[in-house]
Amino acid sequence: MTARQLAVVGVGETKFVRRGDRRVGELVLAACRAALADAGLEPADVDGIVTESSTMPARVPADEVAYALGMTDRRFTAAGLVGGAGVVGAPVLADLALRSGAANVVLSYYGADFGSAPGGPYAFPVGLEVKEGIEKPLGWYGQPLYFAAMAQRYRADHGLSDEELGAVAIATRAHAAHTPGAMRRTPLSMADYLASPVIAEPFRALDCSLVNDGAVAFVMTTLERARDLRRPPVVLAGAGTGSVAATQESYFTQAPDLPRTPAVVSGPRAFAAAGLEPSDVDLALVYDCFTISTILQLEDLGLCRRGEGGGFAASGATGPGGPLPVNTHGGLLSHAYTVGASHVVEAVRQLRGERGEAQVPDAEVALVAGLGVPDHACLLLTGRP
Amino acid sequence: MGAPVRVAPVGERFAPFWAGCARGVLLITRCDGCGTWRWYPPLGCPCGSGELVWTDAGRTGVVFSYTVAHRSFLPPGRVDVPYPIVLVALDAAPGVRVLGGLVGLGGARPAVGQRVRLAFRRAEGYTVPVFVPDS
């Protein structure tokens, strides 16, 4: 532990709804205020803002948030990787700012309006020429198709039953049942899963992320400063980001080692930085845009063996009370689609020990994995410094 | 039988691809310096010594993966679901994969590793590549 090591000291979320009537910036503002209140910090204490880079800089600019919050000196502003890699990777940039002295308190946020914005999540990422230029005319459009093709390839390489995919959805929902803010809390049976309508083979609706409006924020400062604040600090023990040789446009069709994810790069980097091993992880918050995403990243991060992710989930390992609880808030599948921000929040709440009946006993190390192709970010957070 | 997806392409970047389809040739980009196939066309070839040239990628390959779309996120009325879509590794263009429809299955299921042959089919105002099982 060092004095300027990053600690997450406050978290905040709005309510999540299928389609809201408030502007996404207003949702972000509410989440930021909640995170600062949780930390016991004032807007004037914040001097840095870090977001992901694909939608926030245009949709919810840092200057608008800073002004409306009442920040007085925004010394450091950065937008990092795209999508889930940028949201989960925000502490990596914040850590650089804190260690260098470029900032002392850094706020990060994500606002989702996929429920109400034109095009919904399928327009994301925005502005890619391949979509209008070639992929839509060929019928390759919508994230379910991209990840379905990854799942079919995985199935051919390793075997993967419908029930193994279903086990991920069911375990994730079982966690959400214990999470007050989760959008879907009714427990699922395998029969429910198998009866869910097919979207893109092998996916049913219950394999796919929710679509919603809502916002999340978290606030970070140095461990030294954190010791005087309201909440027990949650410390960034180590982090890794990384990418594979593909572009945002080309990833889903051309990435050399599909269906592997860039977690194969970020994961080992994070473990090395933290001086931890996969066996040290008490719970994992993994970017679960689809059930297959959880399976692939658990394998790529070394949390289970290659080719065994489906069986790992089917064994109950990732559910409540299992040896490696995964997405203990309900993830993107059952909590809300917040592009990884609620994954960070849940890690913090678990490591503070404030999750009540959903608390993972003696949780000391949480892994957070954020996918935003062709990039990935992996955090290892620890409680009880 | 018409194409299941009828959403005409927009923009100039892929115009050579569509022009190729219209005359029955699958044109994708290859570096004329190092000979490497690069798809989709990147800003430049990493070899730094050639130009990306639209090149005939041949007519046969293997299904790398696929899905069957049962629900469409495209404009209503422009798509008939369900439809299969395949990602094919072409024999003549190692290292890249191309998308296309899949026809002529005769009730069989699509399969990873299946050998396929290229054909073309008219959509509304454009022509799309489709693959046919090649036994």
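A:T294 is found in helix 13 of chain A, a helix that covers residues 291–300. The model is predicted. A:T294 counts as buried because its relative accessibility is 4%, and buried means under 20%. Leaving out residues up to four places away in sequence, A:T294 touches A:V168, A:V286, A:D288, A:V326 and A:N327.

- A:H376 is found in strand 11 of chain A, which runs over residues 375–382.
- The relative accessibility of A:H376 is 0%, so this residue counts as buried.
- In sequence A:H376 and A:V82 are 294 residues apart, while their C-alpha atoms are 9.0 Å apart in space.
- A:G40 lies in a loop of chain A, between helix 1 and strand 2 (48–51).
- With a relative accessibility of 42%, A:G40 counts as partly exposed, because that class lies between 20% and 50%.
- A:G40 touches A:L229 and A:R230, not counting residues up to four places away in sequence.
- A:G40 and A:G10 are 30 residues apart in sequence, and the distance between their C-alpha atoms is 7.9 Å.

**Nonpolar cores**

- The largest nonpolar core has 161 residues, and those with the most contacts inside it are A:Y109, A:F147 and A:I292.
- Helix 1 of chain A (residues 24–39) gives the most to this core, namely nine residues.
- Apart from this core lies another one, of 20 residues, including A:A284, A:L298, A:V365 and A:L380.
- A:I292 touches A:F147, A:A151, A:Y154, A:L160, A:L165 and A:F203, again not counting residues up to four places away in sequence.

**Chain A as a whole**

- Chain A has 16 helices and 11 strands.
- Its C-alpha trace spans about 55 × 45 × 40 Å along the principal axes.
- The radius of gyration of chain A is 19 Å, which agrees with the value near 21 Å that a compact globule of 385 residues would have.
- Of the 385 residues in chain A, 64% are buried.
- Among contacts in chain A with a separation of 6 or more, 77% come from residues 24 or more positions apart.
- The accessible surface of chain A comes to about 12700 Å², and carbon and sulfur atoms hold 50% of it.
- Chain A has 31 positive and 41 negative side chains, and the centres of these two sets lie 4 Å apart.

**Chain B as a whole**

- The secondary structure of chain B comes to one helix and seven strands.
- Read from the N terminus, the order of these elements is α-β-β-β-β-β-β-β.
- Chain B is as compact as a globular protein of its length, because its radius of gyration of 15 Å is close to the 14 Å that the globule rule gives for 135 residues.
- Along its principal axes, the C-alpha trace of chain B spans about 45 × 35 × 25 Å.
- Buried residues account for 47% of the 135 residues in chain B.
- Of the contacts in chain B between residues at least 6 apart in sequence, 56% join residues at least 24 apart.
- Chain B exposes about 6200 Å², and 54% of this area is supplied by carbon and sulfur atoms.

Conventions: Residues are numbered from 1 along each chain as its sequence is written. Chains are lettered from A and ligands numbered from 1 in the order in which they are written. This is a predicted model: local features need pLDDT of at least 70, side-chain atom pairs count only at pLDDT 80 or more; totals for chains, interfaces and linings use all residues. Side-chain values use heavy atoms; hydrogens and water are left out. A nonpolar core is a set of buried Ala, Val, Leu, Ile, Met, Phe, Trp, Tyr and Cys residues joined through side-chain atoms within 4.5 Å. Buried means under 20% relative accessible area, exposed over 50%, partly exposed in between (1.4 Å probe, protein chains only). Helices (H or I, at least four residues) and strands (E, at least two) are DSSP runs, numbered from the N terminus. Contact means heavy atoms within 4.5 Å. The radius of gyration is taken over C-alpha atoms; the globule rule is 2.2 Å times the number of residues to the power 0.38. Accessible areas come from the Shrake-Rupley method with a 1.4 Å probe; for residues, only the protein chains shown count as cover. Lys and Arg count as positive and Asp and Glu as negative; His and the chain ends are not counted. The place of a charge is taken as NZ of Lys, CZ of Arg, CG of Asp or CD of Glu.
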